[in-house]
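The following exercises concern the model shown below.

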Amino acid sequence: MTKRVAILLSGGGSNMVSLVDSMTGDHPGRPCLVLSNNPGAGGLDKAAARGIATAAVDHRPFKGNRPAFEEELIKALDAANPDIICLAGFMRVLTERFIGHYEGRMLNIHPSLLPKYKGLNTHARALEAGDAEHGCSVHEVTLKLDDGPLLGQARVPILDGDTPNKLAERVLVQEHKLYPAVLKRFATGDRSPVFYP
């Protein structure tokens, strides 16, 4: 049975594009909605150009009232009846209510080799630590930030002269390979991790 996939984003949507473009042919998933907390997000235009339903729930009018914001997100999502939710650069921290509502069917991609460097500024932190490699991880979303069961990782070497931006660009290339591969496997019910290389 085809799985309905909703994608949440806040910006340009490059990971959303890689996910959507992978859901063709024998892929077990199909996009049903791209939702953003930013009505001006470039990812919404890219999704609409691909014929995918879009919606936006601007977080700014809800300042100081995260539960009310999330209730509006849930309404928009539930109207699309997704089986799987992919966070793809969605820059809002989610509460227990939201995470519990979609428990076991929400994925996130994070730009580090988890459990290293949860949270922000991961590329700079890897460089500051003198790490030999860096990368990205896809995991199930749980109440702890960037802490759910690991579903995949891709690694890149850290090179002499790397800056956070250069490293981010190389990691993003891997994100665009890893996230679609994990989604395809997850949509069949297979939660075993994918590793590159």
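**Exercise 1.** Determine at what angle H1 and H6 pack, and how far apart their axes are.

*Solution.* Step 1. Helices (H or I, at least four residues) and strands (E, at least two) are DSSP runs, numbered from the N terminus. Axes are lines fitted to C-alpha atoms, for helices over the stretch in contact, and angles run from 0 to 180 degrees between N-to-C directions.

Step 1. The angle between H1 and H6 is about 40 degrees, and their axes are 9 Å apart. The two helices are therefore oblique to each other; angles under 35 degrees count as roughly parallel, over 145 as roughly antiparallel, 65 to 115 as roughly perpendicular and the rest as oblique.

Step 2. On the side of H1, the contact (heavy atoms within 4.5 Å) is made by Ser14, Asn15, Ser18, Leu19 and Ser22. On the side of H6, Leu172, Glu175, His176, Tyr179, Pro180 and Leu183 take part.

Step 3. The residues of this contact divide into 5 nonpolar, 5 polar and 1 charged. Here Ala, Val, Leu, Ile, Met, Phe, Trp, Tyr, Cys and Pro count as nonpolar, Asp, Glu, Lys and Arg as charged, and the others, Gly among them, as polar.

*Note on the model.* This is a predicted model, in which residues are numbered from 1 along each chain as its sequence is written, and side-chain values use heavy atoms, with hydrogens and water left out. Local features need pLDDT of at least 70, side-chain atom pairs count only at pLDDT 80 or more, and totals for chains, interfaces and linings use all residues.

**Exercise 2.** Identify which residues of the largest nonpolar core touch the most other members.

*Solution.* Step 1. A nonpolar core is a set of buried Ala, Val, Leu, Ile, Met, Phe, Trp, Tyr and Cys residues joined through side-chain atoms within 4.5 Å. Buried means under 20% relative accessible area, exposed over 50%, partly exposed in between (1.4 Å probe, protein chains only).

Step 1. The largest core has 35 residues, of which Ile7, Cys86 and Leu107 touch the most other members. Among the elements that each supply at least two of its residues are strand S1 (3–9), helix H1 (14–22), strand S4 (84–87) and helix H6 (164–187). The greatest share comes from H6, with 8 residues.

Step 2. Neighbours within four places in sequence aside, the contacts of Cys86 include Ile7, Leu19, Leu107, Tyr179 and Leu183. Apart from this core lies another, of 20 residues, including Val57, Ile74, Leu87 and Tyr102.

**Exercise 3.** State whether Asn81 and Tyr117 are each buried or exposed.

*Solution.* Step 1. Asn81 lies in the loop between helix H3 (66–80) and S4, and Tyr117 is found in the loop between S5 and H5.

Step 1. Asn81 is exposed, with a relative accessible area of 52%. Tyr117, at 16% relative accessibility, counts as buried.

Step 2. Asn81 has a positive phi of about 55 degrees although it is not a glycine. For Tyr117, likewise not a glycine, phi is positive at about 55 degrees.
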